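Take a look at the model below.

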Amino acid sequence: MNNLIRAEFLRFFGTRLWVAYLLGALATGVGLVGLLVLVGPENAEPPLPPIDTPAGVSTILGLVQLMLFVPAVLGTFAITAEYRHGTIGTTFLAVPRRARVMVAKLVAHATLGLAYGVVLAVGVGAALAAGVLTSGGDLGAGLPGLLVSLGRLAVGAMAYTVLGVAVGALVRNQIVGLAAVFGYFYALEPMMMIIPGVNQLYGVLPGGAMAALTRSTWLTETLAEQTSSMTALVLPAWGGGLVLLGYVVLAALVAVALPLRRDLV
């Protein structure tokens, strides 16, 4: 198992893909948040709450959460890249016990997802700190609470990576996998948030669970205000954590079970 996990890390760092993901984490954490803080959220169109208010910090975390599709794509590539390049057959021939291969992929990419989340969280924290020092104002959240939220954001990135591995095991095709990730995060979940009645299911979806975990509810509240509908269900933080954990366990089971009986083509 150690050799399998090591092989997954070698496979990942043997290409330039890790550079792209590192730059993606920095671009979101430092670039996006830094630009927003520099311009001033209140000067955006439409205006957003300033960072010296709790709503402003929640807004920042909510915007960053929208970019968690990147670690989900990372997880998807763990499977789809092997099918695209035809190396999956060699992998399963070298290690006939497919379940072990999939567990190794889950462990390695969950670790990579957590690393992505840590870089992202540090970048967000640095950008917020720089904004506060530059403006001479205060941050709308206490340091302990902010650190907890950033830590939960990093854990959420790990969870989304595991979900991506399950998507890759399900579809196997790289283009379809990318379309599934983008379609879900940018079409299905936002659409469910604005449909009256149906939006009460949002709280038990991965995005809703993540919003509950980090307490970044600005998107649900804004959509409810714009559409004059009932605010989508948002669970307490512990409830969101449990729901997200349930999805991670289910995704891991799917990722391990699906390749066991499937042909390689």
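Predicted model: local features only at pLDDT ≥ 70, side-chain atom pairs only at ≥ 80, totals over all residues.

Residues are numbered from 1 along each chain as its sequence is written, and side-chain values use heavy atoms, with hydrogens and water left out.

Start with the overall fold. The protein has eleven helices and zero strands. From the N terminus on, its elements read α-α-α-α-α-α-α-α-α-α-α. Helices here are DSSP runs of H or I with at least four residues, strands are runs of E with at least two, and both are numbered from the N terminus. Of the 265 residues in the protein, 45% are buried. Buried means under 20% relative accessible area, exposed means over 50%, and partly exposed lies in between, with a 1.4 Å probe and protein chains only. A contact means heavy atoms within 4.5 Å. Among contacts with a separation of 6 or more, 79% join residues 24 or more positions apart.

H3 covers residues 54-65, and its twelve residues should span 16 Å at 1.5 Å a residue. The expected span is 1.5 Å times one less than the number of residues. The end C-alpha atoms of H3 are 17 Å apart, which agrees. Nine of the twelve residues of H3 are buried, so the helix is largely enclosed by the rest of the structure. Among the buried ones are Gly56, Val57, Ile60, Leu61 and Val64.

Next come helix pairs. Two packed helices are described by the angle between their axes and the distance between the axes. Axes are lines fitted to C-alpha atoms, for helices over the stretch in contact, and angles run from 0 to 180 degrees between N-to-C directions.

H4 (residues 69-85) packs with H8 (residues 174-194) at about 160°, with the axes 8 Å apart. The two are therefore roughly antiparallel. Angles under 35 degrees count as roughly parallel, over 145 as roughly antiparallel, 65 to 115 as roughly perpendicular, and the rest as oblique. On the H4 side, the residues that meet H8 include Phe69, Val73, Phe77 and Arg84. On the H8 side, they include Leu178, Phe182 and Tyr186. By class, this contact has ten nonpolar, four polar and one charged residues. Ala, Val, Leu, Ile, Met, Phe, Trp, Tyr, Cys and Pro count as nonpolar, Asp, Glu, Lys and Arg as charged, and the others, Gly among them, as polar.

H8 also meets H7. Their axes come within 9 Å and cross at roughly 130°. That makes H7 oblique to H8. Tyr160, Val167 and Val171 in H7 meet Val176, Gly177, Ala180, Val181 and Phe185 in H8. This contact has seven nonpolar, one polar and no charged residues.

Finally, look at two single residues. Is Glu8 buried or exposed? Glu8 sits in helix H1 (residues 2-13). Its relative accessibility is 4%, so Glu8 counts as buried. Leaving out residues up to four places away in sequence, Glu8 touches Glu82, Ala104, Lys105, Ala108 and His109.

Arg152 belongs to H7 (residues 143-171). At 28% relative accessibility, Arg152 counts as partly exposed. Beyond its neighbours within four places in sequence, Arg152 is in contact with Met210, Leu213, Thr214 and Ala237. Arg152 and Val118 are 34 residues apart in sequence, and their C-alpha atoms are 9.8 Å apart in space.
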